[in-house]
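Please look at the sequence and the 3D view below, and keep both at hand while reading this short report.

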Amino acid sequence: MSEYVPTEKGFPIREASTANFLISSIDRNAYANNNPVNTTAGNFVIQKNNSLFNGFFTRIGVQEVVLNWQLPNVYDISGGTGSQSEIANGGFVKNASVSVDISGGAQTVATTVPVGIYTIASALDTMVAALNTAIGGASPYFVVSQAGAQVIVTGTRTWRFSTANNPNLVTDLGFGIAGSYTLTKSIYNSAIPGLNKYPNATATLFQIQSSPFFPFSGTSLPSLRQWQYIDFVSTQLTYNQELKDSSTSTTSRDILHRWYLSSSEGQNPPYQDYYGFTILPTYLPFTERRAFAFPKQIKWMPNMPIGQIAFEVWGTDIQGNNYLLNTDGYEWMMTLLISEV
């Protein structure tokens with residue numbers, strides 16, 4: 001019996017050898033002698049006496065990112081320059097201001113909500129409690145109640161939110177500012193009479209003296225999110241990248257990873273607070289890990305070592321403005337996969 005000899009022979013195939021390049025923003029503290037001591041997780045330089053990485057490799061891939069976030073989402077940005085850059089640069093921010101006019105403007109009450117991290121429910125309750133404290137009296141003046149798909153603030157007399165003191169928290173919560181005084185004891189103005197839990201919610205809110213009912217259909221939801229996404233940037237690591245990143249934004253740069261501040265995939269249905277509003281990222285402090293099955297592949301010239309590296313983190317706010325997040329309140333880690341092929 002003759003031996004079978006295949007016309008084509010197979011060859012063993014194995015994946016390219018790889019190595020981990022492990023990065024932590026906290027490691028910047030070990031290089032205080034080489035860099036400014038006031039560096040943050042959003043702007044620091046790692047510099048050793050020798051190269052950070054040597055060897056023959058041609059690809060760098062972002063394998064996983066861990067973000068520890070504790071930045072506040074309620075504050076008054078008028079404390080310094082009057083822009084979102086105050087919080088981005090670790091500058092002075094004030095407590096969020098709230099003002100109401102009562103009984104046709106006969107009385108104006110002003111108070112603040114402390115800088116912090118809030119859900120919609122906790123921000124609303126804290127605001128109402130602060131207003132009741134400012135007004136004084138044996139019983140609460142304002143009460144939070146629910147009517148169908150809405151949460152409403154009611155008072156014992158007619159009232160409206162005032163335009164005084166840059167009330168950004170009130171608009172973030174979805175309430176209109178100024179407008180008409182109420183005809184009943186429930187809040188009503190020319191913009192939005194209550195907080196919608198769901199888009200396009202329709203609910204009968206309250207009775208008005210001159211007509212049977214006032215139907216309301218809203219299309220906007222309250223939001224305390226101050227940031228849409230953050231970008232992790234290192235120009236030294238993306239220098240060799242011939243296929244450049246691009247964006248529809250007016251500001252575009254080569255990035256290692258963009259972290260969208262959206263609900264996690266596992267939140268289905270999403271988490272809700274005790275008033276039924278969705279708890280979005282940044283409404284609570286969080287530490288989250290994201291791993292990527294197919295990471296971004298960054299071309300690298302094999303004859304170039306990885307030497308001094310600078311890292312930056314850029315944040316884009318809800319209005320689309322882009323800022324270097326050079327502030328305390330967050331840390332991050334990243335695993336880069338170094339490949340010979």
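Which residues does R258 touch, not counting residues up to four places away in sequence? R258 touches Y229, I230, D231 and S247, where contact means heavy atoms within 4.5 Å. The model is predicted, so local features need pLDDT of at least 70 and side-chain atom pairs count only at pLDDT 80 or more, while totals for chains, interfaces and linings use all residues. Residues are numbered from 1 along each chain as its sequence is written, and side-chain values use heavy atoms, with hydrogens and water left out.

R258 belongs to strand β13 (residues 257-260); strands here are DSSP runs of E with at least two residues, helices are runs of H or I with at least four, and both are numbered from the N terminus. R258 is buried because its relative accessible area is 18%, and buried means under 20% with a 1.4 Å probe, counting protein chains only. The side chains of R258 and D231 are joined by a polar contact of 2.7 Å, that is, a pair of N or O atoms within 3.5 Å, one able to donate a hydrogen and the other to accept it.

Elsewhere, three strands form an open sheet in the order β5-β4-β8, with antiparallel pairing, and strands count as paired if DSSP finds at least two bridges between them. Its edge strands, each pairing on one side only, are listed here.

| Edge strand | Residues |
|---|---|
| β5 | residues 107-113 |
| β8 | residues 159-161 |

Strand β4 (residues 96-102) pairs with β5 over seven bridges in the antiparallel sense, and D101 stands opposite T108 in β5.

Definitions and conventions: Buried means under 20% relative accessible area, exposed over 50%, partly exposed in between (1.4 Å probe, protein chains only).
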